Number of protein chains: 2
Amino acid sequence: MRATVMYGAHDVRVESVPDARLVEATDALVTVTRACICGSDLWPYNAMKPSEAGNRMGHEFIGLVEAVGSAVRTVKKGDLVVAPFAWSDGTCEFCRQGLQTSCLHGGWWGGTKLDGGQGEAVRVPQADGTLVALPVGPDHALMASLLTLTDVMGTGHHAALAAKVGPGKTVAVVGDGAVGLCGVIAARRLGAERIIILGRHPDRVALAREFGATDVVGERGEAAVERVRELTGGLGAHSVLECVGLGEAMLTAVNIVRAGGAVGRVGVPQESAIPAAQPTFYKNVTIAGGPAPVRAYIAELLPDVLEGRIEPGRVFDRVTNLDGVPDGYRAMNERESIKVMIRF
Amino acid sequence: MRATVMYGAHDVRVESVPDARLVEATDALVTVTRACICGSDLWPYNAMKPSEAGNRMGHEFIGLVEAVGSAVRTVKKGDLVVAPFAWSDGTCEFCRQGLQTSCLHGGWWGGTKLDGGQGEAVRVPQADGTLVALPVGPDHALMASLLTLTDVMGTGHHAALAAKVGPGKTVAVVGDGAVGLCGVIAARRLGAERIIILGRHPDRVALAREFGATDVVGERGEAAVERVRELTGGLGAHSVLECVGLGEAMLTAVNIVRAGGAVGRVGVPQESAIPAAQPTFYKNVTIAGGPAPVRAYIAELLPDVLEGRIEPGRVFDRVTNLDGVPDGYRAMNERESIKVMIRF
């Protein structure tokens, strides 16, 4: 079969790899129908050291079950399934409490040992704990929004929960990428009264406004902090969603959150420490978040997608096929595209 | 009147100062009957740069109201009152939500502009929002425990709330000072199933056991992390109370918390950043806490103190008078004493 392999920074290739196949009794074999490129794929795209083996890529996909191992009970051949960006057994202590990204027997797609979503097929370990069958066909009109349940919509929702978004709250979203945009959707869905997006790409902030952002802050750094303070009567936002991961973004987040407020961080941290230990202490700020247990959120978000109440699939502004994946990385990296969908 | 003034590191003097008096209509004038020295007073005791003006000291006191300004409604001459370690108006947005340590019109005791608790009398600004009248006399047998409501018991409670302590949880307390010991009381009071104290002073860990600690870890650094992991089936503690403030203590805290768990920090941070941004992210750890709004907690904790269900006053292992305050600082700094009470 063919799949995407990254061999180093800016070196993404689509090539022949061994066919995916069942190995364990708990596996499912899934033929990918839709996948996408993630903002987090850009971290290795810019920094990966050259590797001879290469890393299989892609952690967001929907596909058809081709076969299941003898122990699999919840999905069957022919089902259209959505795969969260982490696989999980569904039965360990962490899965039972809804933190599937800390599953004791789970893990991440791709790398050197597992298939990735940016390929024709995937062996899915722990299929019962990982996959969710969808009640629609593979060409359903809402496929783009369904695909966001693999990562970005669930991640935006996680950021909003970690930041304690709720009715009447003022929310700030740091970052106008796909996750930040889904964070706006999540904040509105959870009842936020006011949603301030910090971003400077006209197409993205326009979409943020359509998703429910009430204010746009195009400044950065200290100027952005000043602007959010002005917009919030000097107090800052109750809830801040940090959807970037860079040190500067986290610093902005902790500087714009009000006393007693919370920062929900879902951008993969690129620094080894969280800044402003003292100001956040004196303000009694809560810092929470991490890899979203999107598996736990699919049941809650799926009805809203299917009934059209939220349209996270609008973050996709480009569609390509498997051969177009390397150029998709380039386009996202150069901010030509918010998020690229791959159609098989 | 006489009061404690700090002029620099290891330079604490008791001397004559201008008499406390009413200034604003919202003030109360309080004659101090009991006060104490705080572990946080040891930070300036070890690091304060020499100052000619000096800083008035003390933020934990109980006393008798001598007089009140014309606008004061909730306390009157003759009341015995307890003062939280921060004063607050009780009416601003933050006070209304129970975060009095972020009061928009409040502040901290002592320094160069206000009286401190380690003196004969105190002008209390915003008396209605700050003081709580006690239903007992100034020599009540439970005075020591009542005095902890000014700071350490409320602070231990805050750490436990920030760390999401609850029934069935495994809790680790980093630090065996008065706040850590009160953290043990708070954790037990909130239903923790298991309470691990990290400390190495035999008298303190013995008291921790009496307060409800089930396990003692005397190791430090990596060895302490390893030991807590062993005690928790490799997973770590659900809730960690960071009651020290040093970088090493925070690093221990974030390393012993389990995935999805929370660190409640109440030790005044001595470092500018929170360590382990990436491990805490991948584990979805919540970091919360700050200066405890003890004013908000007095109503909840007072009945437990008066009915003897908790005995936080046992953290006082030395009593002195005002003249003994400088030696009290020395004794606490040399770990001869857990916490010193001042009787007037």
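The two copies in this model meet through the same surface, because 100% of the interface residues of chain A are also interface residues in chain B; contact here means C-beta atoms, placed from the backbone, within 7 Å. This is a predicted model, in which local features need pLDDT of at least 70 and side-chain atom pairs count only at pLDDT 80 or more, while totals for chains, interfaces and linings use all residues. Residues are numbered from 1 along each chain as its sequence is written, and chains are lettered from A and ligands numbered from 1 in the order in which they are written.

**How the copies are arranged**

- At the interface, 26 residues of chain A are in contact with 26 residues of chain B.
- On the side of chain A that touches chain B, strand 15 (257–265), helix 10 (277–282) and strand 16 (286–289) of chain A are the elements that give two or more residues. Helices (H or I, at least four residues) and strands (E, at least two) are DSSP runs, numbered from the N terminus.
- By class, that side of chain A has 13 nonpolar, 10 polar and three charged residues. Ala, Val, Leu, Ile, Met, Phe, Trp, Tyr, Cys and Pro count as nonpolar, Asp, Glu, Lys and Arg as charged, and the others, Gly among them, as polar.

**Chain A as a whole**

- Chain A has 12 helices and 18 strands.
- Its radius of gyration is 20 Å, close to the 20 Å that the globule rule gives for 344 residues, so chain A is as compact as a globular protein of that length. The radius is taken over C-alpha atoms, and the rule is 2.2 Å times the number of residues to the power 0.38.
- Of the 344 residues of chain A, 57% count as buried. Buried means 20 or more other C-beta atoms within 10 Å of a residue's own, exposed 12 or fewer, and partly exposed in between, with C-beta atoms placed from the backbone.

**A sheet in chain A**

- Three strands of chain A form an open, antiparallel sheet in the order 2-1-4; strands pair if DSSP finds at least two bridges between them.
- Strand 2 (11–16) and strand 4 (55–56) of chain A stand at the edges with a single partner strand each, so one side of each is left without a neighbour in the sheet.
- Six bridges join strand 1 (residues 2–8) of chain A to strand 2 of chain A, and Gly8(A) stands opposite Asp11(A) in strand 2 of chain A.

**Loop residues to look at in chain B**

- Most residues other than glycine have a negative phi.
- His10(B) has a positive phi of about 60°. It sits in the loop between strand 1 (2–8) and strand 2 (11–16) of chain B and is partly exposed, with 13 other C-beta atoms within 10 Å.
- Ala276(B) also has a positive phi, near 60°. Its loop runs between strand 15 (257–265) and helix 10 (277–282) of chain B, and Ala276(B) is buried, with 21 other C-beta atoms within 10 Å.
- Thr101(B), in the loop between helix 2 (93–96) and strand 8 (107–108) of chain B, counts as buried with 27 C-beta neighbours inside 10 Å. Leaving aside residues up to four places away in sequence, Thr101(B) touches residues including Asn284(A) and Pro291(B).
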